[in-house]
Amino acid sequence: MIARGVMLGPDQPVIMHLLDILPAAEALDAVRMELVDAAFPLLKGVVATTDAMEACSGVNIAILVGGYRRKEGMERKDVLSKNVSVYKDQASALEQYAAADCKVLVVANPANTNALILKEFAPSIPAKNITCLTRLDHNRALGQIAKRLNIHVNCVKNVIIWGNHSSTQYPDVNHAIVTTQAGEKAVKDLISDTKWLNEEFITIVQQRGAAVIKARGQSSALSAASAVCDHIHDWILGTPKGSWVSMGVCSDGSYGIHAGLIYSFPVTCRKGEWSIVQGLQIDDFSRAKMDATAKELVEEKSSAYACLEVK
Ligand SMILES: NC(=O)c1ccc[n+]([C@@H]2O[C@H](COP(=O)([O-])OP(=O)(O)OC[C@H]3O[C@@H](n4cnc5c(N)ncnc54)[C@H](O)[C@@H]3O)[C@@H](O)[C@H]2O)c1
């Protein structure tokens, strides 16, 4: 997808740096061979390496998917301890060798907390350049609303994923809009079944990652890769006027969320910078769910520090 221009547009050549660990070196080389064999016109080079320094050298965009795999039956907490130390190491490689304006997207779970560790252990990278992926959850929410209304997903916008990329995330449709032939309508006006919106819809989106793992024994792959491209595309090239997307970003205290946490907010992007959408009305139902997922992130942060034995 990256080499075809899905992420950065059809006019942007790319050089791809691929990093994996030594036991996966042969498989990584196969990926390199396939990239060459695909003869992508936009692909100007491939560096496939097991050396983090070489992989990070001069990169403008770092998409961090590496880490211990979550398997069926594992909760995200189980993978936390295995993955935070990987992110501490990657923080120092990026800090030393990446381009000064490098934009970072953490995908590997626990994505928000891995991004937080990366931010804290790479203090010279501006916090606004470190994000985590909740666009997949955002896209899942769009898909579920479209399915329920029997409309195309393109007609739905402005859902929100608040908080952690975990089962405590809060998929919120209070501000979501559907484009109809009669103009824009609120999702809440088109779906009168509040019980479905407040219960089943939220659970489906929260549990979708687990449902995919149960069905195929591995994490979402196609939809995750597509969401990564959407995240970087919109961050760099901008969000369309009148719409927002969800990104895990460093909280500035907006909506009462602890400053410094990596929390998923509704954001608009312009000229390579994201801004949290301000002034949305938050009802008591939403407040409780936003606080619950923030509480989980605070707990994950202290577990992560305990794993790293940092005081
Ligand atoms: N945020 C999201 O929406 C989202 C969606 C899908 C998957 N994920 C997460 O993304 C991660 C990757 O998922 P996957 O299905 O591709 O897993 P995978 O196990 O297939 O791939 C992980 C890769 O990381 C490599 N790796 C392990 N340790 C590494 C290190 N220290 N440095 C570099 N590479 C390393 C492995 O060798 C492997 O190639 C998982 O943590 C998964 O839970 C997140």
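Predicted model: local features only at pLDDT ≥ 70, side-chain atom pairs only at ≥ 80, totals over all residues.
**Stop 1**

Start by colouring the protein chain by its domain assignment, which gives domain 1 as residues 14-132 and domain 2 as residues 135-302. The centres of domain 1 and domain 2, taken over C-alpha atoms, are separated by 24 Å. Now bring up the contact between them: domain 1 contributes 21 residues and domain 2 contributes 23 residues.

Stay on the domain 1 side for a moment. Which elements give two or more residues to the side of domain 1 that touches domain 2? Select β3 (61-64), α3 (76-97), β4, α4 and β5 (130-132), and you have them. Of these, α4 supplies the largest share, with 6 residues.

**Stop 1: a cis peptide bond**

Next, select Asn109 and Pro110 and look along the backbone. The peptide bond joining Asn109 and Pro110 is cis, with omega at about 0°. Pro110 sits in the loop between β4 (103-106) and α4 (111-121), and both β4 and α4 are among the elements on the side of domain 1 that touches domain 2.

**Stop 2**

Ala39 is not a glycine, yet its phi is positive, at about 50°. Is Ala39 buried or exposed? Ala39 is exposed, because 8 other C-beta atoms lie within 10 Å and the cut-off for exposed is 12 or fewer.

Then jump to Asn150, which lies in the loop between α5 (135-149) and β6 (156-157). Here is another residue other than glycine with a positive phi, near 55° in this case. Asn150 also counts as exposed, because it has 6 C-beta neighbours inside 10 Å.

**Stop 4**

To finish, zoom in on the pairing of β6 with β9 (residues 177-180), where 2 bridges join the antiparallel strands. Select Lys157 and look across to β9: its bridge partner there is Ile177.

Notes
Residues numbered from 1 in each chain as written. Helix = DSSP H or I, 4+ residues; strand = E, 2+ residues; numbered from the N terminus. Buried ≥ 20, exposed ≤ 12 C-beta atoms within 10 Å, placed from the backbone. Pairing = 2+ DSSP bridges. Domains from an automatic or database assignment. Contact = placed C-beta atoms within 7 Å.
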